[in-house]
Structure formats: C-alpha cells, structure tokens
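Good morning, colleagues. Please look at the sequence and the structure on the screen while I speak about charged side chains.

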Amino acid sequence: MNSSGIIFDIKKFAVHDGPGIRTTVFLKGCPLRCAWCHNPEGIACEPEIMVFADRCIRGCRDCLASCPQGALKKVRGVIRLDRGLCDGCGACAEICPAEALQSAGRTVSVPEIMEEAARDIPFYKESGGGVTFSGGEPLSQPAFLRGLLLACRAQGIHASVDTSGHAPFSLFEELLPLVDLFLYDLKLIDDERHRRYTGISNRLILENLKKLSLSGAPLAVRVPLIPGVNDADNDLRALADFCASLPGHHPLHLLPYHRGYVAKRLRLGLDAVLPDTAPPSSELQERAGKVFARNGSTVIIGG
Ligand code: SF4
Ligand code: SF4
C-alpha cells in the first residue's frame with residue numbers, strides 16, 4: 001500500500017463537502033481542465049509555486065540565492081518567477097519571510113493526515129461529519145486514497161470522496177466498500193461542449209455515474225451552475241433528465257459558480273478562462289433548482 005501522496009491543502013471544519021462538520025483533504029492531480037475550476041492549484045500532479053506578488057518586500061532579495069534553477073528575479077522591486085525553469089522544489093517558499101511564494105503541494109503520509117483528521121473526531125460524532133477526500137481528482141492517486149480510506153474505516157470515521165468521475169470503473173469498484181458517500185460532479189451532457197470547457201469527453205463520466213448508481217453506492221450529484229456554460233434551458237433539462245434516469249435516487253447539489261479561482265490562476269501564472277462570467281443570480285439558481293426538482297430530484301443549493 002502506498003502510504004504517502006501529494007496534497008495541496010487540508011481544510012478543517014468544512015461544512016460544504018458532505019454531511020456534518022468535516023475535514024477536507026485536497027489531493028493533487030486531475031485529468032480535467034475545467035475552465036471554472038475553483039482549485040486550479042490542484043490540477044497539476046506535482047508541487048508548484050503560487051506567487052503573491054503584492055506581498056513581496058521591496059528591498060528583500062532573500063529567495064533569489066535559494067533557487068537552484070535561477071528561476072527567480074526581481075523586476076522593479078517585485079518578484080518574478082520563470083515557470084519554464086522552476087521545478088517546484090519549494091526552497092524559495094521556505095525562505096520567504098512574507099509568504100509571497102507559497103508551495104502548492106507537499107508529500108504527506110497517511111498517518112500524518114489521519115493524525116490531523118482524528119483530532120476532530122468529537123466534532124464528526126456530534127455533527128454526523130467525517131473526512132472528505134477532494135482535489136484535484138482524488139482517484140488520480142489511487143493507492144494513496146485507498147490507504148486513507150482504509151485508515152478512516154479502521155478509525156470509524158465517515159469518509160466521502162469528491163470525484164470528477166473520470167477514472168476506470170474498476171477503481172470505483174475497488175474503493176466502493178470503503179466509501180460512505182461519493183460526491184459526484186456532473187457538468188454538461190453535451191459532449192462537444194464538455195470537451196471545450198473541461199478538455200475531455202464526458203462519456204466515461206456518464207457511464208461511471210450510471211454504473212455507480214446501479215451498484216447502490218451512496219452518492220450525491222453535484223452540478224456547478226455556470227452562466228453561459230450550462231445555464232441554458234436545454235442544458236439544465238438534459239442534466240436533470242440524466243439524473244432522473246439514474247437507477248438510484250440521489251440528492252442533487254447545485255453549486256453556484258464563483259470567481260475566487262481567478263486570483264488563484266493569476267498566482268499560478270495562468271490567465272482567467274472565463275474573465276467576464278458573473279456568479280449566477282438568485283433568480284437563475286431558483287430557475288435551475290426548479291428544473292431538477294420537476295424531475296423528482298431533491299435539490300440543495302450549495303455544497
Ligand atoms: S520552487 Fe525551487 S526551482 Fe522553483 S523558484 Fe522556488 S527555489 Fe526555484
Ligand atoms: S523572499 Fe519573499 S519577500 Fe523576499 S524577494 Fe523573495 S518573494 Fe519577495
């Protein structure tokens with residue numbers, strides 16, 4: 001069993017990633033490239049540096065000599081990173097006194113994570129919560145995820161997996177006995193537009209969702225609501241019809257798009273992909289909720 005993997009964050013007292021109070025562990029690596037991804041620092045498999053240029057101290061040059069690749073320089077008093085040279089070693093982030101350079105991604109062991117997660121067991125018990133493995137795509141580190149799920153099972157901690165659904169179904173089957181709840185993301189039914197906005201086909205994702213539902217796995221479907229991407233009547237109806245066609249009855253979470261990811265993308269040296277898209281209005285959220293509810297889904301707005 002692989003007892004270590006790469007994560008980019010641990011969020012304590014999370015209340016939108018499954019039932020109750022939870023600890024959410026964010027694993028690195030994802031096969032999708034969703035234009036609206038709110039965790040762009042989770043997409044790459046390897047650690048990478050996030051640059052908070054506004055925090056850089058004008059007269060400071062501490063990090064420059066720490067970089068074995070010569071990837072850093074100061075331009076008009078502000079730090080600049082050449083990502084073509086950077087190998088993500090993290091030496092600069094360790095030395096920066098202003099946290100202007102931060103490493104997104106660190107190798108951790110299963111026992112380290114479980115030690116952190118186990119501290120909140122009283123809160124999980126009180127609230128019906130537990131631990132959620134998110135990302136990125138947690139199934140992109142299967143051995144590590146399996147180790148974490150086994151450890152949760154051994155400690156009696158409720159375990160959820162938040163997934164894009166893009167993984168071999170054999171992997172879902174293998175993990176099924178260890179997962180108390182799948183949070184399954186569903187974006188678009190139209191495959192051509194799914195490819196345009198996420199970089200890959202949705203065929204495997206839809207097939208896996210059907211099979212998972214058929215297997216009786218406990219799951220909730222999560223649909224991000226993104227104006228201009230999947231808020232047209234025909235898109236919402238297609239999503240609602242697909243959910244209604246699933247063998248099991250699963251709660252449906254509508255997740256309103258938000259723009260928090262834009263600043264993160266800039267810190268990673270990436271352009272904003274949907275720069276002009278505003279969050280959905282409350283009218284749109286209500287309209288979308290009604291489309292799903294009409295098909296018999298139990299709709300929850302939010303995580
Ligand atoms: S992560 Fe390593 S290679 Fe990249 S800029 Fe920092 S010190 Fe240089
Ligand atoms: S160590 Fe931090 S504050 Fe100093 S120059 Fe580098 S990024 Fe700026």
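Let me begin with the term itself: a salt bridge is a side-chain nitrogen of Lys or Arg within 4 Å of a carboxyl oxygen of Asp or Glu. By this rule, the count comes to 16 salt bridges. What we see is a predicted model, in which local features need pLDDT of at least 70, side-chain atom pairs count only at pLDDT 80 or more, and totals for chains, interfaces and linings use all residues. Residues are numbered from 1 along each chain as its sequence is written, and side-chain values use heavy atoms, with hydrogens and water left out.

I turn to R222, which forms a salt bridge with D185, the closest N and O atoms being 3.9 Å apart. R222 lies in strand 11 (residues 219-225) and D185 in strand 10 (residues 181-185), so this pair ties together parts that are 37 residues apart in sequence. Strands here are DSSP runs of E with at least two residues, helices are runs of H or I with at least four, and both are numbered from the N terminus.

Are these two partners buried or exposed? Buried means under 20% relative accessible area, exposed over 50%, and partly exposed in between, with a 1.4 Å probe and protein chains only. R222 counts as buried at 5%, and D185 counts as buried at 17%.

Next comes helix 6 (residues 191-198), where E192 and R196 are 4 residues apart, or about one helical turn. Their side chains meet in a salt bridge at 3.4 Å, N to O. E192 is partly exposed, at 49%.

Finally, salt bridges link K12, E115, E116, R119 and D120 in a network.

Definitions and conventions. Chains are lettered from A and ligands numbered from 1 in the order in which they are written.
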